[in-house]
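Open the model in your viewer and keep the sequence panel beside it. The stops below are given in the order to select them.

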Amino acid sequence: MALFSLLVAILVERLKLLPSGWQFDSVMTRYQKQFWDSQSLKSAFSVAMAIVLPALLVFVISFLLDGIFFDLLSLLFWVLISIICFSHQSLRGVFKQYIQAACRGDVQACYRYAGELDCSDCLDVVDEQDLGCKVGQTVAWLNYRYYGAVALYLIFLGPVGAILYCTVRFYSEYNSKNKLEMPLVDHLQMLFDWLPSRVFSFGYVLSGQFSEGLSAWRQYGLSVNIDAKTIVTNTAVAAESLPEAGDAPLSVQSTLALLALSKRNFVLLLTLVSVLTIFGVVS
């Protein structure tokens, strides 16, 4: 079910078939406004409940659907959860605007859209080439956080794991944007990212320049206290195949190279899931 769900979710996401109101962040925004407020999320118990309840609901539904109609309903539920978790058209829209701005030579717009891609990180660059490198690192990070990590949790823990990770990610970003200093969230995010970031970043090693990537992965991935973003971005940059000078603007050359590397890494992940499915390791 994991492989089929991933393939359908990727197809739906590429074709932009899911309305924005049904995408994960939109659903969680409504959930947040309906059941919680900033004041209630200052206690550890409320934060834990806010994070656990969506996953608990998915677990109950999965349990009730188990075995019905030869597990057809369970498969459809897996597909639905996968589609919701993988659809992030707002991010794709911002990235597309960045590329379009770079192609028409609008440097100021490039800086603006680059800042919108990852609001949690201060964009500190000196020129267009440096901007392209920074955006490329952001692309590698977002590819992990919104697709790679979600896929790994879906593969090994099912829809419950995927929803739980996405919920932690949502509240981590919510906490950062609103400067709420919510308890538990940052620690949970680090915990949930610790192993997947090392597994996914090793995919960059296998998908790019092996020796340089492996050297970076060993330096960062084998350290217990290094955060997930540092591991993913530094390994991706080290494994990146440098683009040949061409017609692409300086502000997108490195970005496109890291984007291509991220795509190869995700294809590698799907290939491994296929092999594991054939041998019965993954259902």
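Does Q89 count as buried or exposed? At 16% relative accessibility, Q89 counts as buried; buried means under 20% relative accessible area, exposed over 50%, and partly exposed in between, with a 1.4 Å probe and protein chains only.

This is a predicted model, in which local features need pLDDT of at least 70 and side-chain atom pairs count only at pLDDT 80 or more, while totals for chains, interfaces and linings use all residues. Residues are numbered from 1 along each chain as its sequence is written, and side-chain values use heavy atoms, with hydrogens and water left out.

**Stop 1: around Q89**

Select Q89 in helix α5, residues 89–103. Helices (H or I, at least four residues) are DSSP runs, numbered from the N terminus, as are strands (E, at least two). Leaving aside residues up to four places away in sequence, Q89 touches E13, K16 and Q23, where contact means heavy atoms within 4.5 Å.

**Stop 2: α1 against α7**

Select helix α1, residues 2–15, together with α7. Their axes come within 10 Å and cross at roughly 150°. Axes are lines fitted to C-alpha atoms, for helices over the stretch in contact, and angles run from 0 to 180 degrees between N-to-C directions. The angle makes α1 roughly antiparallel to α7: angles over 145 degrees count as roughly antiparallel, under 35 as roughly parallel, 65 to 115 as roughly perpendicular and the rest as oblique. To see the contact, show A2, S5, L6 and E13 of α1 with Y147, A151, L154 and I155 of α7.

**Stop 3: α6 against α7**

Now select helix α6, residues 107–117, and helix α7, residues 128–178. They pack at an angle of about 25°, with their axes 10 Å apart. That makes α6 roughly parallel to α7. Here the crossing is left-handed. On the α6 side, show V107, C110, Y111, A114 and L117; these meet E128, L131, V135, T138 and L142 in α7. By class, the residues of this contact are 8 nonpolar, 1 polar and 1 charged. Ala, Val, Leu, Ile, Met, Phe, Trp, Tyr, Cys and Pro count as nonpolar, Asp, Glu, Lys and Arg as charged, and the others, Gly among them, as polar.

**Stop 4**

Which residues have the most contacts inside the largest nonpolar core? They are Y98 and Y171, in a core of 81 residues. A nonpolar core is a set of buried Ala, Val, Leu, Ile, Met, Phe, Trp, Tyr and Cys residues joined through side-chain atoms within 4.5 Å. The largest share of this core, 24 residues, comes from α7.

Stay on α7 and select N175. N175 is buried, with a relative accessible area of 7%. Beyond four places in sequence, N175 touches L180, E181, M182 and D186.

**Stop 5: two loops**

Move to K179, in the loop between α7 and α8 (185–207). K179 is not a glycine, yet has a positive phi of about 50°. K179 is exposed at 74% relative accessibility. E181 is found in the loop between α7 and α8; its phi is near 55°, and E181 is exposed at 73%.

Finish at N225, in the loop between α9 (210–221) and α10 (228–239). N225 is exposed at 71% relative accessibility. Its C-alpha atom is separated by 9.1 Å from that of W194, 31 residues apart along the chain.

Definitions and conventions:
A crossing is left-handed if the near helix is turned anticlockwise from the far one by less than a right angle, and right-handed if clockwise.
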